[in-house]
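Please open the model in your viewer and keep the selection panel at hand.

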Amino acid sequence: MTTMFRTGGTEGTGDGKSVWRSLEVPLERDADRAERLLLTVVGPWAAAATAGGAVESWYWERTGPDGARLRVHVLGDDGSVTALREAIASGGPDGAALEEAVAETPCAPDTDRFGGAEGFAVCAEQFAAGGRLAIETIRATPSREKRLRAAAALTLASASATGADWGGAVQWLRGHASSLAGEADVADARGRAEEDHFRNEAEWQHRHDRTRAEISAPGTTVGDWYRRQCETWAALTARHEAGRLDASPRTVFRALTRLMHQQLGLDAHDQAYVAWLVSMDLVSEGRRDPFFADSPAAADRRTHEYGKYFGARLMDQRPDMPGATCEGRQELPPVLARVELARPQAPGPDAPRFEEVLLARRSAYGYYGGPVTLDELSTLLYFSAGVTAEKTMPGADVSYPVRPYPSGGTRYPLRTLLYCHDVAGLARGTYLYDPAGHALDQLSARDICAELMRMAPATDPRVVFPPKAGGNLHVDDCPLWIFTVADLTFQRLHYGLRSYRLVLQESGHLAQNLALVATWLGKSSVGLGGFYDDTVNETLALDGVNSSVVYVHLVGVVQPPPQAGGAASQA
């Protein structure tokens, strides 16, 4: 059976009489009552109606801010909704009262989130099975803790069904968490997931391994869900490749996952928590050693040793030219607007000499403020990271672009993201610098200053922290944040285990450029390496595995404290 969708009352493929209809059940903000109704009335009725052929498909949603309002969608004839209303009326002591409150509403599912009409048709085939699974899970997990664990297992099954490797699964999960951030306050979800993961790391890893086993085993709830999700993924992928899907399969799968989470009673914060928790299990090999523990097996020792070049291993350590493609760069959010930047003029005779700039460079601490203008930002980016020339190797016919800093194999695995909080002439928001076009692509207009303030002990006013050698940082009004983003998978495809060393070297080259050009412009700057990595990555919608922030720079003008009695400090 294939279900066809049409907004405002959609026909099925049976005898042409089946239409999507909705029944709204208000429950006075009583989530427990909603679940009792699902378990004792709606679920059993739907199972019988589907088995008897009266209903082709169905699904349900929790709506309202508290999730205590049920909306049941049924694909059937005129009598299907009437039968459901009657079942509700006879299903409990307050059934008669509910019957008066229950209302049939126009059925117009949001097909956009499922990739359009054809995507909704594919997903509708799984709605009934998903609804049954959600009801079974609710019945088996009366406590909140058990419910979250069950949601984590089902979420891992959905991520696995995409066919992605572990890195792709992590990217999908953290992308799902980022998509929730645009609609609700989920700022503490990642921190909560980190606390639970590290407090019970061995236990969560055990649960992760057990879920993996259940995914592979026939007859298990998680395994059956995984196989159904695989079928849905294959159908969505086929339609996407044929140009018949209005969104990527990954985006549609996020909508399916969100529907499942909502049915389980999870709000946006819980959903983001589950996504982060599962992603952390995917990147963890087990319980971590103490941070300063030293041994040949320590992560940094292994990275250093295994990344060494050896003459005896020359053939298998040579750069992988066939693998040196553009793959591995995480796709960023769609561009909202493009800002073309004017190319700066060459320095005039009155500009500071090179040696003066070198001697004047300092890491500046204190109260960061403006001004920073769009022309100054253009100059800073162009002379630090822009494409400034084309180069042709001796004997070669093809030229390639070069920037003001060296890059191994001219790969340039770094991207420059900026949060412009108060740059004169530029709208507030997050931007990606295009070094070839010398332009800014706006990715978000959201004010993220409060989130960035929490990214490091040195910038978080809540942290009682001894002053640094140069002083403290006050960034409430910092006009410009610059983030060096390393595309780790992109570089690894070419240089293997050597890639991490090369990425960090290149980040240092770029950092020195930014510091010197900022000094030349008369601006204050400081580079920060001690930040909470995934706090920054989450804020910038990065997965932290394939693409991750490796350096943060503040640029502005350090000003005296708002209250008398102190001066800005230089170090």
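The following stops cover the sheet, then the helices packed around it and against each other. The model is predicted.

**The sheet.** Begin by selecting the four strands, which form an open sheet in the order S2-S3-S1-S4 with antiparallel pairing. From one strand to the next, the twist averages 25 degrees.

**The S1 and S4 pair.** Next, select strand S1 (residues 19-25) together with S4; three bridges join them in the antiparallel sense. To inspect one of these positions, display Leu 23, whose bridge partner in S4 is Glu 104.

**Helix H1 against helix H2.** Finally, select helix H2 (residues 78-89) alongside H1. How far apart are the axes of H1 and H2? They lie 10 Å apart, and the helices pack at an angle of about 150 degrees. Angles over 145 degrees count as roughly antiparallel, and H1 and H2 are therefore roughly antiparallel to each other. Their crossing is right-handed. Show side chains for the contact: H1 contributes Leu 37, Val 41 and Trp 45, while H2 contributes Ser 80, Ala 83, Leu 84, Ala 87 and Ile 88. By class, this contact comprises seven nonpolar residues, one polar residue and no charged residues.

Key
Residues numbered from 1 in each chain as written. Predicted model: local features only at pLDDT ≥ 70, side-chain atom pairs only at ≥ 80, totals over all residues. Heavy atoms only, no water. Pairing = 2+ DSSP bridges. Helix = DSSP H or I, 4+ residues; strand = E, 2+ residues; numbered from the N terminus. Axes fitted to C-alpha atoms, helices over the stretch in contact; angles between N-to-C directions. Parallel < 35°, antiparallel > 145°, perpendicular 65-115°, else oblique. Left-handed = near helix turned anticlockwise from the far one by under 90°. Contact = heavy atoms within 4.5 Å. Nonpolar A, V, L, I, M, F, W, Y, C, P; charged D, E, K, R; others polar.
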